[in-house]
Amino acid sequence: MGVKSQKPLRLVDILKALPEAELGSLVSRLGVRIDPAKRLDPPQQIARALVALPDIRDPSRLPQASLELLHRIAEARGNLIVQAVPPALQPLIERGIVFARSESKGHVELLLPAAYLVQLRSWEGEDPRGLRALLAQAPFETVSAIAGHYLGRPATP
């Protein structure tokens with residue numbers, strides 16, 4: 001297994017790159033409602049619904065092997081290259097948490113969007129001085145101010 005160095009991908013960009021059938025399957029599997037009257041396109045609406053799901057904020061609901069794989073991908077900054085698809089990946093894909101794409105030479109790239117990276121709670125063995133651990137300790141007002149700074153507008157909760 002290896003790490004590919006690139007900036008973390010945005011969830012909406014990953015969703016826009018998915019084939020229509022796969023995107024539709026994700027929508028039906030998770031019960032996401034698409035409102036055609038909204039100004040947001042379907043991938044943006046789906047992204048908003050996905051980040052609100054409890055599985056990222058409370059990953060204890062995941063099988064232990066999937067949770068460990070999620071932590072490995074997070075430690076690789078959301079982009080992990082593997083030789084073969086691990087069995088623990090399926091629950092993460094079904095919930096729209098991790099996405100996979102084929103790489104050259106038969107490798108598979110596992111993607112954890114940046115929106116999930118910042119929501120994951122820190123875990124035992126993670127650097128307590130890391131960004132995720134520090135954000136988890138910060139009050140809501142501080143986190144909201146940071147998000148507003150990077151968004152360039154007030155952040156929605």
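Analyst: Ser-66 is a residue of helix H5, and the model in which it is placed is a predicted one.

User: Is Ser-66 buried or exposed?

Analyst: The class follows from the relative accessible area, since a residue counts as buried when that value is under 20%. For Ser-66 the relative accessible area is 1%. Ser-66, in helix H5, is therefore buried.

User: Which residues is Ser-66 in contact with, leaving aside its neighbours within four places in sequence?

Analyst: A contact here requires heavy atoms within 4.5 Å. With the neighbours within four places in sequence left aside, the contacts of Ser-66 are Ala-88, Pro-91 and Leu-92.

User: Where does Arg-77 lie, and what is the value of its phi?

Analyst: Arg-77 belongs to the loop between helix H5 (64-75) and strand S2 (79-82), and with a relative accessible area of 63% this residue is exposed. Its phi is positive although the residue is not a glycine, the value being near 60°.

User: What does Leu-26 touch, if residues up to four places away in sequence are not counted?

Analyst: Leu-26 lies in helix H2 and is buried, with a relative accessible area of 3%. Not counting residues up to four places away in sequence, Leu-26 touches Leu-15, Ile-46, Leu-50, Ile-93, Glu-94, Gly-96 and Phe-99.

User: How far apart in space are Leu-26 and Asp-127?

Analyst: In sequence, 101 residues separate Leu-26 from Asp-127. Taken from C-alpha to C-alpha, the distance in space between Leu-26 and Asp-127 is 33 Å.

User: Which residues of H3 are buried, and what do they pack against?

Analyst: The buried residues of H3 are Pro-43, Gln-45, Ile-46, Ala-47 and Leu-50. The elements that the buried residues of H3 pack against are H1, H2 and helix H7 (114-117).

User: Which residues is Gln-45 in contact with, beyond its neighbours within four places in sequence?

Analyst: Gln-45 is placed in helix H3, and its C-alpha atom is separated by 18 Å from that of Glu-94, a residue 49 places away along the chain. Once the neighbours within four places in sequence are left aside, Gln-45 is in contact with Arg-33, Ile-34, Asp-35, Lys-38 and Leu-40.

User: How many salt bridges does the model contain?

Analyst: Side chains of opposite charge can pair when their charged atoms come close. The cut-off applied is a side-chain nitrogen of Lys or Arg within 4 Å of a carboxyl oxygen of Asp or Glu. By this rule the number of salt bridges is three.

User: What does the salt bridge between Lys-16 and Asp-41 tie together?

Analyst: The side chains of Lys-16 and Asp-41 meet at 3.6 Å, N to O. Lys-16 is in helix H1 (residues 11-17) and Asp-41 is in the loop between helix H2 (20-30) and helix H3 (42-51), so the pair ties together parts of the chain that are 25 residues apart in sequence. Both residues count as partly exposed, with relative accessibilities of 46% for Lys-16 and 27% for Asp-41.

User: What is the N to O distance in the salt bridge of Glu-109 and Arg-101?

Analyst: Glu-109 is buried, with a relative accessible area of 0%, whereas Arg-101 is partly exposed at 36%. The side chains of Glu-109 and Arg-101 meet in a salt bridge whose N to O distance is 2.7 Å.

Conventions: Residues are numbered from 1 along each chain as its sequence is written. This is a predicted model: local features need pLDDT of at least 70, side-chain atom pairs count only at pLDDT 80 or more; totals for chains, interfaces and linings use all residues. Side-chain values use heavy atoms; hydrogens and water are left out. Helices (H or I, at least four residues) and strands (E, at least two) are DSSP runs, numbered from the N terminus. Buried means under 20% relative accessible area, exposed over 50%, partly exposed in between (1.4 Å probe, protein chains only).
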